[in-house]
Amino acid sequence: MRQEQAFYIDKTGLIKEWWENKDDVTLITRPRRFGKTLNLSMIECFFSVRHAGRGGLFEGLSIWEDEEYRRLQGTYPVISFSFAEVKGRDFQTAREGIIAVLEELYRKHDYLLQSDTLSDAEKKNYDTFGQYVGPDRNPRKELTDTVISRAVKTLMSYLARHYGSKVIVLLDEYDTPMQEAFVCGYWEELAALIRSMFHSTFKTNDYLYRAILTGIMRVSKESVFSDLNNLMVVTALSQEYSTCFGFTQDEVFCALDQMGMQEEKEQVRFWYNGFWSGSRNDIYNPWSVMMFLRTKEYAPYWADSSSNALVSELIKKGTPQMKMQMEDLLDGRCLEAVLDEQAAFEQLNRKKDAVWSLLAACGYLKPENRRFDHAKGKFVYQLKITNYETQMMFREMIEGWFPEDETSYGNFKEALLLGDLEYMNQYMNEVSAEMFSSFDTGRRPSEKTHPERFYHGFVLGLIVDLAGRYHIRSNRQSGLGRYDVMMEPLRPDDDAVIMEFKVFSPQKDKTMQQAAENALAQIEKMKYDTELLARGIEKERIRHYGFVFDGQEVLICG
């Protein structure tokens, strides 16, 4: 980027801050596309002996104003590698991916094969990871987990002897393999291998001078960082490096000024601002800003730049309470959660706030405020959707839960608003089999929990599709009880809607028809109309629907 004189915002302050903190091993977590890879490349170019004499890369940047740091440039051996491509449907594929990374790393430093500091035996062992002497490449030997775990440390020992200096290690996207392992079900196997590798590289290693790891989230210490007591963790909640990743508002506005786009500042803020770092709440994701500067068009560039499958599945299969909290978020309200900075993937399906911690770490939610809960001994954060771009991501994600036949779904919504019970029943029964299994947790299917997971997901679908036309709430107090769903119109010519959902029980009702009629009677008896009437909506403009579920069969009455 420097050689091409490309657009570059100066982040070399990271070099000085990191160097002066003197931490042995630093783990920095930030959302994807926040400049982690570029910053590691910058640090490599600054410190690596292989870039000695290339100070021109840093001329004009803040780090080059300090004579002490000019003397530091190009003075350390550096090992830099990434786990970004280590993905696979099973452990063996992921293991092969790690081996491929190590092969590339050894190839990058194969000049060591000419070094007098390596013995003949060491040069022969160098070929373990597919290196070669001469034109013919030897076939790869069967590698044990022990050899894989010690591979980086072994290479560091060669570099330390060759250059007469301890080694700086830079590892990018350290947590990518673990996200894949969690989704695909081989978490324990991969965690054991990486834990052993990290212990060898970052703990019991006399050749290590300093190290930086980057990723999206902090994986729990018990999972991969056990015994690593020299680890300094810097998350988005930390004050360190608060302006080193992502663009600050001043940097974005300066770029807009230089591009002659001053009039776009407030709209850019609305779309892309809101990420947080320490006490800063004016951080922008660089990818969207760069794409906007290039195209001059607003779009969800960052949200569309990667799969959100894990987030989608966790919310889709989550509890009814989680979906209700999602309703609040989509409606612009906050939810309260304790943020656990040590993400334990194995807890995502059972720990109450684990999903919200994941969404905050990924940048999809931002803390508006916090308070200390003395009973819990922890800070409780008020979280909101980060900005308009991420809100669009959530809406598209939820729309993807439902059948792709937009005509049928659109007709169902119109039928709901117009009272066409025949079409409503036809549609719901056509999709219920697919949707029920889709919204189930997949572990202990329950006739009791199926409908709740389904209808709260269904309500989320209504919210994202009817936003701007209805204010939709679920499980709120009105009258003498709590309604299931209320749709309050925002336009004077639309009717309001109240829905009550029930699971058919032969012990309580003889038929599904009777159960549906009892659901309608409950709306009247518990005076669920009270809130709507208080808002000035006439009784005749409030539609009532009773939904009854019997397995995958649905009956709607009104």
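A charge is taken to sit over a ring if NZ of Lys or CZ of Arg is within 6 Å of the ring centre and within 35 degrees of the ring normal. The charged end of R210 meets this rule at W18, 4.5 Å from the ring centre. R33 lies over the face of W287, at 4.0 Å from the centre of that ring.

The model is predicted: local features need pLDDT of at least 70, side-chain atom pairs count only at pLDDT 80 or more, and totals for chains, interfaces and linings use all residues. Residues are numbered from 1 along each chain as its sequence is written, and side-chain values use heavy atoms, with hydrogens and water left out.

The protein holds 21 helices and 18 strands. These are DSSP runs, numbered from the N terminus (helices: H or I, at least four residues; strands: E, at least two). Of its 558 residues, 55% count as buried. Buried means under 20% relative accessible area, exposed means over 50%, and partly exposed lies in between (1.4 Å probe, protein chains only). Among contacts with a separation of 6 or more, 72% join residues 24 or more positions apart. A contact means heavy atoms within 4.5 Å.

Aromatic pairs number 32 in the structure. Rings of Phe, Tyr and Trp (its six-membered ring) pair if their centres lie within 6.5 Å; planes under 30 degrees apart count as stacked, over 60 as edge-to-face and the rest as tilted. The rings of Y111 and Y163 have centres 6.4 Å apart and planes at 65°, so this pair is edge-to-face. Y111 lies in the loop between α4 (91-108) and α5 (120-126), whereas Y163 belongs to helix α6 (residues 145-163), so the pair ties together parts 52 residues apart in sequence. Y111 is partly exposed, at 21% relative accessibility. Y163 is also partly exposed, at 31%. Elsewhere, ring pairs link W18, W19, F46, F47, F58, W64, Y76 and Y209 into a cluster. W18 of this cluster is the ring under the charged end of R210.

Helix packing is illustrated by α10 (residues 249-258) and α11 (residues 265-272), whose axes come within 11 Å and cross at roughly 135°. Axes are lines fitted to C-alpha atoms, for helices over the stretch in contact, and angles run from 0 to 180 degrees between N-to-C directions. On the α10 side, Q249, V252, F253, L256 and D257 make the contact; on the α11 side, K265, V268 and R269 do.

Two residues other than glycine have positive phi. K22 has phi near 60°. The residue lies in the loop between α1 (13-21) and β1 (25-29), and K22 is exposed, with a relative accessible area of 63%. Y241 has phi of about 55°. Its place is the loop between β5 (231-234) and β6 (247-248). Y241 is buried, at 1% relative accessibility.

I398 lies in helix α16 (residues 388-399). I398 is buried, with a relative accessible area of 0%. Beyond residues up to four places away in sequence, I398 touches L330, L460, G461 and V464. The C-alpha atoms of I398 and L462 are 9.6 Å apart, although 64 residues separate the two in sequence.
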